[in-house]
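Here is a short report on one protein model. Keep the sequence and the 3D view open as you read.

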Amino acid sequence: MFDSLQNRLGSILNGLTGRGALSADDVSAALREVRRALLEADVSLEVVRSFTDRVRTKAVGAEILKSIRPGQMVVKLVHDELVATLGSDHSPIDLNAAAPVTIMMVGLQGSGKTTTSGKLAKRLTEKQRKKVLMASLDTRRPAAQEQLRILGEQTGVATLPIIAGQDPVEIAARAAQAAKLGGYDVLILDTAGRTHIDEPLMAEMAEIKARTKPHEILLVADSLTGQDAVNLARSFDERVGITGIVLTRIDGDGRGGAALSMRAVTGKPIKLIGTGEKMDALEDFHPSRIADRILGMGDIVSLVERAAENIDAEKAASMAKKMQSGKFDLNDLADQIGQMQKMGGMGGMMGLMPGMAKMKDQVAAAGLDDKMLKRQLAIISSMTAAERGNPDILKHSRKKRIAAGSGTSSADINKLLKMHRQMADVMKSMTKGKGGMMGQLMGG
Ligand code: GDP
């Protein structure tokens with residue numbers, strides 16, 4: 001099974017804890033694990049190489065000297081570089097062109113082209129109120145045109161009437177004409193695939209492109225194909241030119257490596273992901289979720305779903321004991337924040353804990369959103385053990401040092417301390433009564 005990068009980095013990173021800066025050797029040791037984990041996540045070798053080189057350049061040097069803790073810094077650098085490589089922002093389907101906007105779907109047979117065409121058409125129709133026409137240009141697979149027609153019927157999207165005997169380019173021309181005359185906003189062309197890349201396929205795609213001048217050419221690729229996805233993406237991009245990628249069967253791929261490889265090799269954005277066979281299983285692509293997945297931190301959504309299992313019973317029991325004795329120091333707060341992150345951040349936490357409503361106001365007052373959680377953890381990590389155990393000793397000079405170490409301000413630290421005090425108070429009052437958020441958390 002794929003071991004999470006975080007776990008694997010664990011021992012190396014622990015070894016780094018407390019040192020001021022990362023040496024080239026430290027970085028190399030950590031990056032060896034990163035490299036191994038990326039390969040296991042099915043990222044292609046060339047992408048892994050250039051990726052680790054980029055992280056190395058950033059890790060050995062000035063940036064790391066200012067870091068919170070070296071180990072955390074490596075994980076953060078790897079995470080940030082993953083997100084940057086995957087494309088920092090979500091990149092939507094571009095419909096800014098004169099109607100009908102033509103979207104051409106390309107890819108291998110079985111990659112999910114037809115299914116994705118149907119999903120996309122449904123989405124554009126229902127969510128963006130577009131008038132969509134779909135046409136299958138697949139004359140090779142006997143049932144392909146019929147498959148799209150049925151999908152159209154199911155989703156309430158118009159399809160081009162089938163005329164037997166036409167070749168793909170003729171159908172494409174007819175579709176473009178029909179879309180124009182019919183006043184359609186969007187035309188989706190579902191092209192034929194092959195079991196592998198070959199020249200006739202590429203020539204056919206190029207010809208259809210020349211005839212219909214599509215505004216978007218989306219490469220539909222099966223995320224489970226892993227390494228092959230790289231060659232596929234490169235060939236299609238070089239020969240036909242793609243504007244974006246749709247990764248299907250993400251629901252079956254726990255690793256996410258194909259996404260990273262394809263994006264890195266083509267430089268083209270991943271626009272959508274297919275998450276199942278149903279017609280609404282199409283989602284926007286969020287780079288940070290895939291980065292989290294590759295890092296083994298799981299994606300936010302699935303973490304929320306699994307939150308109940310994620311609560312560490314042992315930790316919870318010892319925490320309960322501590323609280324009964326009226327003690328709740330900053331180590332405990334860090335644990336709590338860690339748990340919250342595991343459970344999908346504030347949103348996930350709020351949704352899961354019925355008693356949490358009680359604390360909602362305090363939490364909101366403290367400005368405790370997910371970014372804040374990270375900052376809070378950074379602050380606590382920059383403290384000494386003595387400071388964490390007894391926050392009362394945190395006076396001006398210590399705060400200044402911690403702020404510098406964590407890249408925050410004294411005001412941030414004061415906010416954290418205030419929140420800690422409030423939480424400690426609330427928890428004290430809760431343990432006196434029964435139930436509430438902590439009751440849920442501890443008893444669960
Ligand atoms: P095409 O040959 O590229 O047009 O591929 P199809 O659209 O016919 O899809 C092939 C198979 O993959 C079908 O059984 C689809 O239901 C399935 N499929 C497509 N996208 C996804 C997805 O995102 N997740 C899962 N689990 N199955 C998918």
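## A stretch named in a record

Over residues 269-282 the chain is 0% helix and 43% strand, and its end C-alpha atoms lie 16 Å apart. Helices (H or I, at least four residues) and strands (E, at least two) are DSSP runs, numbered from the N terminus. UniProt lists these residues, 269-282, for "domain: SRP54-type proteins GTP-binding", in an unreviewed entry. UniProt positions follow the numbering used here, feature names are shortened, and annotations may be inferred rather than shown by experiment.

The model is predicted: local features need pLDDT of at least 70, side-chain atom pairs count only at pLDDT 80 or more, and totals for chains, interfaces and linings use all residues. Residues are numbered from 1 along each chain as its sequence is written.

## The whole protein

The protein has 23 helices and eight strands. Of its 444 residues, 43% are buried. A residue is buried if 20 or more other C-beta atoms lie within 10 Å of its own, exposed if 12 or fewer, and partly exposed in between; C-beta atoms are placed from the backbone. Among contacts with a separation of 6 or more, 76% join residues 24 or more positions apart. Here, a contact means two C-beta atoms, placed from the backbone, within 7 Å.

## The sheet

Eight strands form an open sheet with mixed pairing, in the order E3-E2-E4-E1-E5-E6-E7-E8. The edge strands are E3 (158-159) and E8 (282-284), and each pairs on one side only. Strands of a sheet pair through backbone hydrogen bonds, either parallel or antiparallel. Two strands count as paired if DSSP finds at least two bridges between them.

| Strand pair | Sense | Bridges |
|---|---|---|
| E1 (residues 101-106) and E5 (residues 216-222) | parallel | four |
| E1 and E4 | parallel | five |
| E5 and E6 | parallel | five |
| E6 and E7 (residues 270-274) | parallel | three |

Now look at single residues. Met 104 stands opposite Ile 217 in E5. In E4, the bridge partner of Met 104 is Leu 189. Val 220 faces Val 246 in E6 as its opposite residue. Ile 245 has Ile 270 in E7 as its bridge partner.

Why is E1 largely enclosed by the rest of the structure? Six of the six residues of E1 are buried, so the strand is largely enclosed. Val 101, Ile 103 and Met 105 point one way, while Thr 102, Met 104 and Val 106 point the other. In a regular strand the side chains alternate between the two faces of the sheet.

E6 (residues 244-248) is also largely enclosed, because five of its five residues are buried. Gly 244, Val 246 and Thr 248 point one way from E6, and Ile 245 and Leu 247 the other way.

## Around the ligand

Which residues come nearest the ligand? Of the 18 residues around it, they are Gly 112, Lys 113, Thr 114, Thr 115 and Gly 274. A residue is near a molecule if its C-beta atom, placed from the backbone, lies within 6 Å of it. Helix H6 (residues 113-127) gives the largest share of this shell, three residues. By class, the shell has one nonpolar, 13 polar and four charged residues. Ala, Val, Leu, Ile, Met, Phe, Trp, Tyr, Cys and Pro count as nonpolar, Asp, Glu, Lys and Arg as charged, and the others, Gly among them, as polar.

## An exposed residue

Ala 385 is found in helix H20 (residues 385-389). Ala 385 counts as exposed because it has 9 C-beta neighbours inside 10 Å.
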